Amino acid sequence: MVIENKASLARSEELDDLDVKYAFHPFTSAQEHSLAGPLMIVRGRGCELFDSRGNRFLDAMAGLWCVNIGYGNEEMARTLQEQCLRLSYYHSFSSMANDVSTMLAQRLIETAPVPMSKVFFGNSGSDANDTQIKLVWYYNNVLGRPEKKKIISRQRGYHGVTALTAGLTGLDNLHEGFDLPLPMIRFTRAPHALWEATPGMSEAEFVAMLASDLEDLILAEGPDTVAAFIAEPIQAAGGVIIPPAGYFAAVQEILRRYDILMIADEVVCGFGRLGEAFGTSVFGIEPDMITVAKGITSAYVPLSACMISEKVWQVIEHGSSLYGVFGHGYTYSAHPLGAAAALTNLDIIEREKLVGRAKDRGDYLQGLLHQAFDGHPLVGEVRGQGLIGAVEFVQSKNPLTRFDPASKVGVRVTRASRDLGVITRALPASDTIAFSPPFIVTESELDEMVDTTRKALDTVARELAAH
């Protein structure tokens, strides 16, 4: 559907011009945006989006891995209206509280994948992971271990964009130009067998190598200086990297040996995307701290939460006798609109059995991806789990060879796909495109998403062959 009314088209062009003139976009080339302008989305319903010109798109990414219940949910709209009229805002400093955030905290602790004790609310996954690291530092200061402050992250991990968490993110484009990462951050390799394993290596051998590399890093730095290890159950923005069997068990054995806290970043995986409530459960992770955001409200309202174990909480509580009032928090911590949205979102997910649906639709998606892309000469790997998947492009399979980054193959495929009406996402660390649709997606919509993307790849393949 395309707008034919000239007045509407003129208004759309005016909006584009205003955006170029005034808006500063995240993760966007400023120069390219000045020339090409935006895709102006004005309406959404279910898995569909519509731009200012009336063009329809299927959103194969649920926004940014987050609109799990789909767009335009009327129950959510009523919740937000009612909560806004009843209590639109109040802060949580100095022991102040509101009823909905208190009820949400209880619900999160009662449904956490492993025993947790307390919840600290924020606004985004970035600020939540920033909070987690500050808590780790506070924890070690209270314990009289001022040197135990280094944080180990993983190459291609994604943990946010604050000055601290952008450094934890193992993607070069978040570091270049920003003087990052900060000096207390270290990286170990990603568990991505396609590029990290040696030819012929078994899965068990690959896990042993990854564990050995991690332990060697800890010993080289000095265990008394390493405070925490942070990891996503599945590395999302870094390439939808699925850990091999036994990986987290091996990692956690090492962390326990050297008294290093484990932070599970569940911002993408949490609340059902993998076909279970949390990725922590899927991979047998036993974290001391859990970060959630995105799916907690299906992105209807910004909200994040840090869940911390009783072990960590007891130390933080004791810190009051040393440092007095806990000196951290946000104006919008425990915002009642965010909490109300989260409670309704979790109700919808539970009542409509959307976690089970994510598993069923996820199995269907994985089958479609393999059927459409396995065997394609430019496809190095198809991978995924639940309602998250990825296709990685390579210049050659034998020998395995990456494309020159300047070719921007993944970006070109997503642009061609968007031109055909499906929004996927090119991931920054490789020529990989991702799929992460809303939980309410239908099989016919998944068919359209995958078929359209295959057509887009064929278009790009012809262009590459021609040049």
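Modeller: Leucine 49 has phenylalanine 57, in β3, as its bridge partner. Please bear in mind that this is a predicted model.

Colleague: How many bridges join strand β2 to strand β3, and do the two run parallel or antiparallel?

Modeller: Strands of a sheet pair through backbone hydrogen bonds, in either a parallel or an antiparallel manner. Here β2 (residues 48-51) and β3 (residues 56-59) run antiparallel and are joined by 3 bridges. They belong to an open sheet of 4 strands, in the order β1-β2-β3-β15, with mixed pairing. The edges are taken by β1 (41-45) and β15 (422-423); each has a single partner strand, so one side of each is left without a neighbour in the sheet.

Colleague: Let us turn to aromatic rings. How many aromatic pairs are there?

Modeller: A pair of aromatic rings is described by the distance of the centres and the angle of the planes. The count comes to 8 aromatic pairs. In one of them, the ring centres of phenylalanine 120 and phenylalanine 326 are 6.4 Å apart and the planes stand at 70°, so this pair is edge-to-face. Since phenylalanine 120 lies in strand β4 and phenylalanine 326 in the loop between α12 and α13 (336-351), the pair ties together parts that are 206 residues apart in sequence.

Colleague: What is the relative accessible area of phenylalanine 120, and what is that of phenylalanine 326?

Modeller: Phenylalanine 120 has a relative accessible area of 22% and is partly exposed. Phenylalanine 326 is partly exposed as well, at 29%. Phenylalanine 326 also pairs with tyrosine 138: their ring centres are 5.3 Å apart and their planes are at 80°, so this pair too is edge-to-face. Tyrosine 138 lies in helix α6 and phenylalanine 326 in the loop between α12 and α13, so the contact ties together parts 188 residues apart in sequence. Tyrosine 138 is buried, with a relative accessible area of 14%. Ring pairs link Phe120, Tyr138, Tyr323 and Phe326 into a cluster.

Colleague: How many residues of α6 are buried, and how far apart are its end C-alpha atoms?

Modeller: Of the 18 residues in α6, 15 are buried, so that the helix is mostly covered. At 1.5 Å a residue, α6 should span 26 Å, and its end C-alpha atoms are 25 Å apart, which agrees. Glycine 144 follows the helix, and its phi is positive, near 75°.

Colleague: How much space lies in the second largest pocket, and which residues lie nearest its centre?

Modeller: Rolling a probe the size of a water molecule over the atoms shows where empty space is left. The second largest pocket holds about 980 Å³ of space. Its lining comprises 32 residues, with Ser92, Val119, Phe120, Trp313 and Phe326 nearest the centre. The elements giving two or more residues to this lining are α5 (99-111), β4 (118-122), α6 (125-142), β10 (304-308) and α12 (310-323). By class, the lining has 18 nonpolar, 12 polar and 2 charged residues.

Colleague: What is the volume of the largest cavity, and which residues line it?

Modeller: The largest cavity has a volume of about 40 Å³, and the structure holds 1 cavity of 30 Å³ or more. Thr188, Arg189, Leu210, Leu214, Phe229, Tyr247 and Val251 form the lining of the largest cavity. Two or more of these residues come from each of α9 (203-221) and α10 (247-257). By class, the lining of this cavity has 5 nonpolar, 1 polar and 1 charged residues.

Terms used:
Residues numbered from 1 in each chain as written. Predicted model: local features only at pLDDT ≥ 70, side-chain atom pairs only at ≥ 80, totals over all residues. Heavy atoms only, no water. 1 Å grid on protein atoms, 1.4 Å probe; cavity = no way out; pocket = protein on both sides within 12 Å on 5 of 7 lines; lining within 4 Å. Points joined across faces, edges and corners; volume = space filled by probe spheres on them. Nonpolar A, V, L, I, M, F, W, Y, C, P; charged D, E, K, R; others polar. Expected span 1.5 Å × (residues − 1). Buried < 20%, exposed > 50% of the residue type's maximum accessible area, 1.4 Å probe, protein only. Pairing = 2+ DSSP bridges. Phe/Tyr/Trp six-rings, centres within 6.5 Å; stacked < 30°, edge-to-face > 60°.
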